[in-house]
Amino acid sequence: MITIELARRLLAGGLVWEPSPGDRFVVPDRGMDDEVFVVSQMTVEVHDRPEGRLIGFNGTTEWALDSLALTDVLWLPWEGRLREELGDRFGGLYPDGDDWVVTVLPALKTLGPKGVAGEGHIATEHRHPDAECAYALAVLEVLDF
């Protein structure tokens, strides 16, 4: 799972969240950073209201929380969503010792004739012990952040 720090960097870099079932998020800076929530049809739902999108907590008895604005939570994107964000720039994922490495291909506009990267335009690699964190680092490159 990606770190809160990387999730914040992705948000600042412009990664947009359209909540869907299975998405993970945290409620940061309220003493609950270690509590990961999951959007589901039963307990945590997204509600579109005139005042904005809300994350609704249904049937919560542990603490008094009915809903939060979407802007008050921090999305922790999962591997598949991060790979989607890379699109045709995704070159691959492979293990290397204790790390996972995500390869990012050069942008199509930098490719020369016959699809071969021009001089100075080579694939880059992003490594981390957690595969999702390696993906997040690669997405940050693609977002130009």
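Colleague: Leaving aside its neighbours within four places in sequence, which residues is Ile-2 in contact with?

Modeller: Contact means heavy atoms within 4.5 Å. By that criterion Ile-2 touches Ala-7, Leu-10, Leu-76, Pro-77, Leu-82, Glu-132, Cys-133 and Ala-136, once neighbours within four places in sequence are set aside. Please note that this is a predicted model, in which local features need pLDDT of at least 70 and side-chain atom pairs count only at pLDDT 80 or more, while totals for chains, interfaces and linings use all residues. Residues are numbered from 1 along each chain as its sequence is written, and side-chain values use heavy atoms, with hydrogens and water left out.

Colleague: Is Ile-2 buried or exposed?

Modeller: Buried means under 20% relative accessible area, exposed means over 50%, and partly exposed lies in between, with a 1.4 Å probe and protein chains only. Ile-2 has a relative accessible area of 4%, so Ile-2 is buried. It is found in the segment before helix H1 (4-12). The C-alpha atoms of Ile-2 and Glu-79 are 8.9 Å apart in space, although the two residues are 77 apart in sequence.

Colleague: How many helices and strands does the protein chain have?

Modeller: Helices (H or I, at least four residues) and strands (E, at least two) are DSSP runs, numbered from the N terminus. The protein chain has three helices and nine strands. Of its 145 residues, 37% are buried.

Colleague: Which residues of H1 are buried?

Modeller: The general idea concerns helix geometry. An α-helix has 3.6 residues a turn, so residues three or four places apart point the same way. In H1, the buried residues are Ile-4, Leu-6, Ala-7 and Leu-10. They cover an arc of only 160° around the axis (the arc of the directions from the helix axis to the C-beta atoms), which puts them on the same side of H1. These buried residues pack against strand E1 (24-27), strand E2 (32-38), strand E6 (74-76), H2 and H3. After H1 comes Gly-14, with a positive phi near 105°.

Colleague: At what angle do the axes of H2 and H3 cross?

Modeller: Axes are lines fitted to C-alpha atoms, for helices over the stretch in contact, and angles run from 0 to 180 degrees between N-to-C directions. The axes of helix H2 (residues 79-86) and helix H3 (residues 131-142) cross at roughly 25° and come within 9 Å. H2 is therefore roughly parallel to H3; angles under 35 degrees count as roughly parallel, over 145 as roughly antiparallel, 65 to 115 as roughly perpendicular and the rest as oblique.

Colleague: Which residues of H2 and H3 meet?

Modeller: Glu-79, Leu-82, Arg-83, Glu-85 and Leu-86 in H2 meet Ala-131, Glu-132, Tyr-135, Ala-136, Ala-138, Val-139 and Val-142 in H3. Within H2, the buried residues are Gly-80, Arg-81, Leu-82 and Leu-86. The buried residues of H2 pack against H1, E6, E7, strand E8 (99-104) and H3. Gly-87 follows H2 and has a positive phi, near 55°.

Colleague: Where does Arg-89 lie, and is Arg-89 buried or exposed?

Modeller: Arg-89 lies in the loop between H2 and strand E7 (90-96). Its relative accessible area is 17%, so Arg-89 is buried. Beyond residues up to four places away in sequence, Arg-89 touches Thr-103, Val-104, Leu-105, Pro-106, Ala-107, Glu-141 and Val-142.

Colleague: Is Asp-29 buried or exposed?

Modeller: Asp-29 has a relative accessible area of 60%, so Asp-29 is exposed. Asp-29 is found in the loop between E1 and E2. Although it is not a glycine, Asp-29 has a positive phi of about 60°.
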